[in-house]
Structure formats: structure tokens, C-alpha cells
Amino acid sequence: MKILLTGAAGQLGQALRQQVPEGIELIATSRNGDSATGLLPLDLGDAAACRAAVLEHRPDWVLNGGAYTAVDRAESEPELAQAVNGGAPRAFAEALADTGGRLLQVSTDFVFNGQQGSPYRPEQSRDPLGAYGRTKAAGEEAVEQVLGDTGRGVILRTSWVMGPVGKNFALTMLRLHRERGASGQALGVVEDQVGCPTSTATLAAACWRAIAVMDTPSGLPAMLHWSDAGAASWYDVAVAVGELGVELGLLQQPAPVNPLTTAEYPLPAQRPSYSLLECSASRQALDLPALHWRQALRQLLEAVA
Ligand SMILES: NC(=O)c1ccc[n+]([C@@H]2O[C@H](COP(=O)([O-])OP(=O)(O)OC[C@H]3O[C@@H](n4cnc5c(N)ncnc54)[C@H](OP(=O)(O)O)[C@@H]3O)[C@@H](O)[C@H]2O)c1
């Protein structure tokens, strides 16, 4: 089976490349390509290039793991975010409609407004709060519009993605604990936004599983939700990174962590205050067990060590 992967240099992309199942021919792409690691260049902001890549390689699946993920910067660059997060999925979907291939579009909890106070089910309506969420929602809509009737478009929403490489909250907290632990200088971390961390390792496994399950008689729902299990605030995750960091020998001493309100830590983009994804139906469809976010975080930090 031939898979065209985008965002191969991102944190999810790297985990996907580490877990490629047997029998997969992977065409891995990143923004600029990298001949040393075999990545081909593909600019997701260039819809014509996205269409051309599908027509050239004729993959069985496009796994669209790349995205414009800078949530705050998207507020001041909405056109670029829209081109990458909305335009590329549309271009892939249109080309795949012609070639007969399938699309796995990775999406986000930020398509929801976070106001209902209970986990979001896959079929619930989108209502994003910021530019990043709006552009990811546009990507979802494009996949549904173009491939919805064919059953060849699958959207997998996830949340709070963290891995042992790349730029993410867990690694930022580890660095800050290291920098401040010895002096006892406290970190301030938001406590009133609740969601669930998701490790790139479990997320990559879910993506590959989705592709495998699609070809079984049970098939796959068109909308999947995947996160690690449990619930947490950013503050909880920051405290856990300190505790696990010490336990694993990555830190001498954690820094004290002070809980903050969102109002005390203003950022350009508004974020959902409660964006847990209801994942039980997807876990069943994928036949994958739930891993508690703290265990997944431990495995992530073990991979850093
Ligand atoms: N990170 C999260 O917390 C989170 C939460 C929910 C859902 N998601 C979704 O999960 C997926 C994977 O995200 P991630 O966490 O792995 O993000 P990431 O580490 O930021 O990776 C995204 C990759 O996309 C690439 N990219 C951006 N613009 C591009 C362009 N114009 N052309 C080609 N490549 C481009 C980036 O390259 P550059 O580094 O060169 O920009 C980066 O390598 C995305 O669909 C994201 O929306 C992420």
C-alpha cells in the first residue's frame, strides 16, 4: 500500500515514520524536503503542488499530518493558516476524488468552543474560537464536502499533542523545570483550561491502525476522536512533568508550579476552556486500548532520557 505523508518533519510525522507498518511504501514529504532522510519537498500552502503530488504518486492514502500549528501566530496570519489547513486538505480531497485514493486528515479539539463542559462527541457541530481552529474546521469541511459521499475521507481529531522531539508543552515544561528548579523560581501555568494530552506515539499508532482497519469488513467511521485517556489542565501536566522528570533522572529538582487563570496569562488566540474529546467509539472502532495521559507522558519522557 502506498501512503503519501505530509508534515513528516513535525512531531507527529516523526512518530509516524518510526512506526511504519510492514507492507507500506511511504512517500514522506515536508515543507522543504530533506535528501539526507529521504523527505520530498511539498508546500502545503501550494494547492496546485498538493494536487500534483497526488496525481504523480497516486497513493492509496494521503496521511495529512502537516499543518499550520502556531495557534497564536495564526491570529495575525489567517490567510497562510487557511491555505495550509483549509486549502491543502481540499486539494488532496479533490485529487483523490479523481484517483480513487483515500485521505486521513488529522484535526484538532480546537474546532470546538469548549463551552459545553462535557467531552465532545465526533458528530457534534464545530464552533471554533480562533483562527487556527477556524482553518482546521475549514479543512474538515472540505474533506466532508469533497469525499463525504465516497466514504474515502476520514478525519481524526486529537488534542494537546506532545512527543519526545519537536516543539511541545511537555518539552517546554521540562526545560523550564531544569532552568528554574535549582533556584526555586516558580512557573505560572494555566489551570482553567482542561483537555487531554496525547502522545505522538499513541497518536501515530492510532493513525496507522485507522488505515489498516479501513480495509477490514467493519470499516471505519468518517470522524474519529483520539486522545490519551483521562483529563488534565495545563497546570496538571506541568506538575506531572516535574514529578516524572525527577523520577526518571531528567531533573534534579522540579520548579514550584503556580496555577494561573487564563485571564492572568493572556495570549493572542482564545482557547477552548474544556475540550475533552469523547474517544470511546473510536477506541472501539480502532480496537486500541486507552493509555492514561500520565503513563503516556512517562513513556515520552523516557524516550527523551
Ligand atoms: N500540536 C498539538 O497540540 C495538536 C493538537 C491537536 C491537533 N493537532 C494536529 O496534529 C497534526 C500534527 O501536528 P504536530 O503537533 O505534529 O505539529 P508540528 O510538530 O507543528 O508539525 C506540523 C508540520 O507541518 C509542517 N508545515 C507547516 N506548514 C507547512 C507548509 N506550508 N508546507 C509543508 N509543511 C508545513 C511544519 O513544518 P515547519 O516546522 O517547517 O513549519 C511541521 O513540520 C496537525 O494536523 C495538527 O493540526 C496538533
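This is a predicted model: local features need pLDDT of at least 70, side-chain atom pairs count only at pLDDT 80 or more; totals for chains, interfaces and linings use all residues.
A second bridge to β6 joins Val 106 and Leu 156. β5 and β6 (residues 153-158) pair in the parallel sense, over 6 bridges.

Trp 61 has Arg 102 of β5 as its bridge partner. Strand β5 spans residues 102-108 and is mostly covered, with 6 of its 7 residues buried.

## The whole sheet

β4, β5 and β6 belong to an open sheet of 7 strands. The order is β3-β2-β1-β4-β5-β6-β11, and the pairing is parallel. β3 (40-41) and β11 (223-225) stand at the edges. Each has a single partner strand, so one side of each is left without a neighbour in the sheet. Strands of a sheet pair through backbone hydrogen bonds, either parallel or antiparallel.

## Around the ligand

There are 23 residues around the ligand. Those that come nearest are Arg 31, Leu 44, Thr 69, Tyr 132 and Lys 136. For Tyr 132, a polar side-chain atom lies 2.7 Å from an oxygen atom of the ligand. For Lys 136, an N or O atom in the side chain is 2.8 Å from a ligand oxygen atom.

Val 106 takes part through its backbone. One of its polar backbone atoms is 3.3 Å from an oxygen atom of the ligand. Val 106 is also the residue bridged to Leu 156 in β6.

Where does Ser 275 sit? Ser 275 lies in the loop between β13 and α8 (280-286). Its relative accessibility is 1%, so Ser 275 counts as buried. The side chains of Ser 275 and Asp 109 are joined by a polar contact of 2.7 Å. Neighbours within four places in sequence aside, Ser 275 is in contact with Asp 109, Tyr 120, Trp 160, Val 194 and Gly 195.

Trp 160, one of those contacts, is in the loop between β6 and β7. Its relative accessible area is 9%, so Trp 160 is buried. Trp 160 is not a glycine, yet has a positive phi of about 45 degrees.

## Other positive phi values

Arg 58 is not a glycine either, and has a positive phi of about 45 degrees. Arg 58 is placed in the loop between α2 (47-57) and β4.

## Helix α7

Helix α7 (residues 234-247) has 14 residues. From first C-alpha to last, α7 reaches 20 Å, close to the 20 Å expected at 1.5 Å a residue.

Which residues of α7 are buried? They are Trp 234, Tyr 235, Val 237, Ala 238, Ala 240, Val 241, Gly 242, Leu 244 and Gly 245. An α-helix has 3.6 residues a turn, so residues three or four places apart point the same way. The cover over the buried residues of α7 includes strands β7 (161-162), β8 (187-190), β12 (232-233) and β13 (257-260). Helices α5 (169-181) and α9 (293-304) are also among the covering elements.

How values were computed. Residues are numbered from 1 along each chain as its sequence is written. Side-chain values use heavy atoms; hydrogens and water are left out. Buried means under 20% relative accessible area, exposed over 50%, partly exposed in between (1.4 Å probe, protein chains only). Helices (H or I, at least four residues) and strands (E, at least two) are DSSP runs, numbered from the N terminus. Two strands pair if DSSP finds at least two bridges between them. The expected span of a helix is 1.5 Å times one less than its number of residues. Contact means heavy atoms within 4.5 Å. A residue is near a molecule or strand if one of its heavy atoms lies within 4 Å of it. A polar contact is a pair of N or O atoms within 3.5 Å; within protein, one must be able to donate a hydrogen and the other to accept it, and residues adjacent in sequence count only if both atoms are side-chain atoms.
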